[in-house]
Amino acid sequence: MKISQQLFKDIFEGPVHSRLVYSRVIVQKIGPRLHENGQFHQMFRNLQHVAGDLNNHMGGMGLGSLCSHCASQPTGGCCSLFMSGETDAVQMALNSLAGVDVHLVCDKGQECVFLSDTGCIFLFKPMFCLNYNCKHIHEKKQAKDVQQMEQLTGRLLSLQYELEKYVLELLVTQDG
Ligand code: SF4
């Protein structure tokens, strides 16, 4: 798959706000086609299902408040402003297609711009965010809960990777 410089920039580079704007372009451009596509539909349903399970599990572990607390510290915690840069337009578009109201929720200069009072607004988080569990989680939460979270995360990561690739290929085809 050969992606043009402009498309790469629109999706992965530039200010987060520009990527957010481009995610809306993606939804307009290919959203209807995606919804008519049976293969995408099935993959997307699986992804939503696993993401829902993971979010419920993380909510049950009380991670939203733990992460928000760290993020409000001077260093910004794991969900720092710097980490907003891990988002991309395809990941945001998938969230929009799942009904998430993707917008900038926080502008305090420390936290990630997508971190609300109850945690991350995304159903499908950036890959880096999904992959990272800080030491507070390991120290303060039960090992069996962390292990279950890691299993769900692994399933979600592989499904999300496949879907993002699928959407990207569609965009590249339309772009060419
Ligand atoms: S995108 Fe979500 S998980 Fe990632 S840093 Fe921002 S608030 Fe945290």
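I am working with a predicted model, where local features need pLDDT of at least 70, side-chain atom pairs count only at pLDDT 80 or more, and totals for chains, interfaces and linings use all residues. Residues are numbered from 1 along each chain as its sequence is written.

Entry one. I looked up helix α3 (residues 38-60) against helix α8 (residues 143-175) and found an angle of about 150 degrees, with the axes 9 Å apart. Axes are lines fitted to C-alpha atoms, for helices over the stretch in contact, and angles run from 0 to 180 degrees between N-to-C directions. Helices are DSSP runs (H or I, at least four residues), numbered from the N terminus. The pair is therefore roughly antiparallel, a label for angles over 145 degrees. I listed the contacts (C-beta atoms, placed from the backbone, within 7 Å). On the α3 side they include F40, M43 and F44, and on the α8 side Q148, M149 and L152.

Entry two. I turned to helix α5 (residues 89-97), whose axis comes within 10 Å of that of α8 and crosses at roughly 105 degrees. α5 is therefore roughly perpendicular to α8, the label for 65 to 115 degrees. V90, Q91, A93 and L94 of α5 make the contact with L163, E164, V167 and L168 of α8.

Which residues are around the ligand? I noted C79, M83, S84, T87, C112, F114, L115, C120, F122, K125, P126 and C129.

Technical notes: Helix = DSSP H or I, 4+ residues; strand = E, 2+ residues; numbered from the N terminus. Parallel < 35°, antiparallel > 145°, perpendicular 65-115°, else oblique. Contact = placed C-beta atoms within 7 Å. Near = placed C-beta within 6 Å.
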